[in-house]
Amino acid sequence: MLFTDLANSGSSPALEQLLRFAGARQRLLAHNVANMDTPDFRPMDVSPSTFQSSLRRAITERRGATGGERGTLAPLDSEEIGTDSRDSMVLVPKTPSPGVLYHDRNNRDLERQMQALSENGLTYRVAADLLRRNHELLRTAISQRV
Amino acid sequence: MYGLLDISTSGMIAQRARLTAVSANLANRHSTGPDGTPYRARHVMLAPGDPTASSEEGRGWGVHVADVEIDQRPFNMRWDPTHPLALKEGPQRGYVRESNINPLVEQVNAVQASRAYEANAAAAEAGKQMIAQALRLLS
């Protein structure tokens, strides 16, 4: 009980969700890049803004329920985001790519995929760094060296 | 997270297969078979998914070479009645059949394949950095 309360303190649940989302999205983007030249392939993505709004809703709900510093986040209610049996995040890509359709019926857009890749990597880095900062705070408190 | 590198690797393998086919086509532009039939261009067909993945879920990701098709377009014809391989009869008598490879198309394909290879390598690099970030959570 104590450990789950510690792990869910402050911004850790929201950061964990962000980390999971960025990690799962990276696989989608790598899949799109690998199929850049495959005929009949349509690159699909998940919308980060949809994720942000469902995360915002979950955070507001948590703030209303426990004041914002404690408690878990409710599961995100987006049609693109689900969880599997092992409780890890599963993305169902439904956002099509807006690129031009080429003759091989593939609407590739290398620039957009590369932009998404780098933004996703940065997001992951931000979430990981902030989460590490949270853990360091806990470690400082545990070691009684304030 | 570790399936991430599998996807980018499958992309790199597929693009290298394309580049190999292009090199083979360019190298065999003037080759003929034992019966005088010229070399037909080889084209690599890609399809999504990776049948060599170890898990059922992993088989849906990535890309693989579905087929290597032999181009069935008609051969190019060159007028040379003194050539030993010139056709002896028929409406194309006196013409020599040449391979149906277009070197310009092949060179553009080679450029495309190497750019796609670079893109996949960049995606793999991004994935590796993310994994390193995740590992730093421990320290």
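1. The buried residues of helix 4 of chain A pack against helix 2 (12-34) and strand 1 (44-45) of chain A, along with helix 2 (103-136) of chain B. Those buried residues are Q113(A), A116(A), L117(A), N120(A), G121(A), Y124(A), A127(A), A128(A) and L131(A). Buried means 20 or more other C-beta atoms within 10 Å of the residue's own, with C-beta atoms placed from the backbone; helices (H or I, at least four residues) and strands (E, at least two) are DSSP runs numbered from the N terminus.

2. A word on the source: this is a predicted model, where local features need pLDDT of at least 70, side-chain atom pairs count only at pLDDT 80 or more, and totals for chains, interfaces and linings use all residues. Residues are numbered from 1 along each chain as its sequence is written, and chains are lettered from A in the order in which they are written.

3. On confidence, chain A averages a pLDDT (the predictor's confidence in each residue, from 0 to 100) of 89, and 99% of the residues score at least 70.

4. Now the core, a set of buried Ala, Val, Leu, Ile, Met, Phe, Trp, Tyr and Cys residues joined through C-beta atoms within 7 Å. The largest nonpolar core has 37 residues, and L19(A), L29(A), A30(A), V33(A), A127(A) and A123(B) touch the most other members. Helix 2 of chain A gives the most to this core, with nine residues.

Methods. A residue is buried if 20 or more other C-beta atoms lie within 10 Å of its own, exposed if 12 or fewer, and partly exposed in between; C-beta atoms are placed from the backbone. Two residues are in contact if their C-beta atoms, placed from the backbone, lie within 7 Å.
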